[in-house]
Amino acid sequence: MSTLYLIRHAQASFGRENYDRLSETGWNQARIAASHLHKLNHAFDALYSGTQTRHEETLAAYIEGFSPPGKALPPVHKTDAFNEYDSENILKTLIPKVIRKEPAFETDVRHMMADRRTFQKVYERIMRLWISTRGPVYNLETWETYSNRVAEGLFQLMADQGSGKTVAVFTSGGPIAVCVQKALALSDEKALELTWQIMNASVTRLKYSGDRLMLAGFNDVTHLEIHQKSDLITFR
């Protein structure tokens, strides 16, 4: 039996020109999560990461704090299998399609970057449209293609690492949701809903044996909560 730790990246730079970088709060979260993982005293057999900057920076915080005496840093594998879906492109492509059918929707779109609730309302509407669309839409990666990519990366990791291993993956909410979906046989709609619940710098645990996959823990942020600072609990 092996254990897989899925660590969602710390807070990125929401609303900034380049979202794909950790914010100041994000770096603080990443270092707290890294300290937590080190205190667990797990000897990870391998570290995996998506190739997006927010994944790599969250992993960098873990590597920076790695100092167990007499132990070498485990091998690091970076792969786009654990990258997030391109939500920016999905929004830009599908929002105009909705507005053409429902002109009143444009009001929410105009205010989405100034109000987080409005953003989530628009975001959920467009993401649900995306996953329900069958077949290609313009230049978008479909949900089916996306989830298959993540699943292939997951099962390749399981095959490569084998039994009796402890592995960490630094990734995003979407890939974590797909991994949980495979463990629990969830619908696409339920998997999508999970992505909105997964907090920054959270830890989700899966157990696997052969091709069997089981959920052992989900969306844990106790390591952030014990600091009793509300700004450490974030979703974007």
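The areas come from the Shrake-Rupley method, with only the protein chains shown counting as cover for residues. I kept in mind that this is a predicted model, where local features need pLDDT of at least 70, side-chain atom pairs count only at pLDDT 80 or more, and totals for chains, interfaces and linings use all residues. Residues are numbered from 1 along each chain as its sequence is written, and side-chain values use heavy atoms, with hydrogens and water left out.

**Entry: positive phi**

I looked up Asn219 and found its phi near 60°, a positive value in a residue other than glycine. Asn219 sits in strand S6 (residues 212-220); strands (E, at least two residues) and helices (H or I, at least four) are DSSP runs, numbered from the N terminus. Is Asn219 buried or exposed? Asn219 counts as buried because its relative accessible area is 11%.

Ala185 also went into my notes, with phi near 55°, again positive in a residue other than glycine. I found Ala185 in the loop between helix H7 (173-184) and helix H8 (188-195). Its relative accessibility is 70%, so Ala185 counts as exposed.

**Entry: a nonpolar patch**

Which residues make the nonpolar surface patch of about 200 Å²? I noted Ile63, Leu73 and Val76. Patches take residues with over 30% relative accessible area and no salt bridge, joining like charges within 9 Å and nonpolar side chains (Val, Leu, Ile, Met, Phe, Trp, Tyr) within 5 Å. A salt bridge is a side-chain nitrogen of Lys or Arg within 4 Å of a carboxyl oxygen of Asp or Glu.

Ile63 belongs to helix H2 (residues 53-64) and is partly exposed, because its relative accessibility is 31%. Leu73 lies in the loop between H2 and strand S3 (76-78); at 37%, Leu73 is partly exposed too. Beyond its neighbours within four places in sequence, Leu73 contacts (heavy atoms within 4.5 Å) Leu47, Ile63 and Phe66.

**Entry: a buried arginine**

I then turned to Arg236, in the segment after helix H9 (222-225). Arg236 is buried yet has no salt bridge; Glu124, the nearest side chain of opposite charge, is 7.3 Å away. For charge, Lys and Arg count as positive and Asp and Glu as negative, while His and the chain ends are not counted.

Note on methods: Accessible areas come from the Shrake-Rupley method with a 1.4 Å probe; for residues, only the protein chains shown count as cover. Buried means under 20% relative accessible area, exposed over 50%, partly exposed in between (1.4 Å probe, protein chains only).
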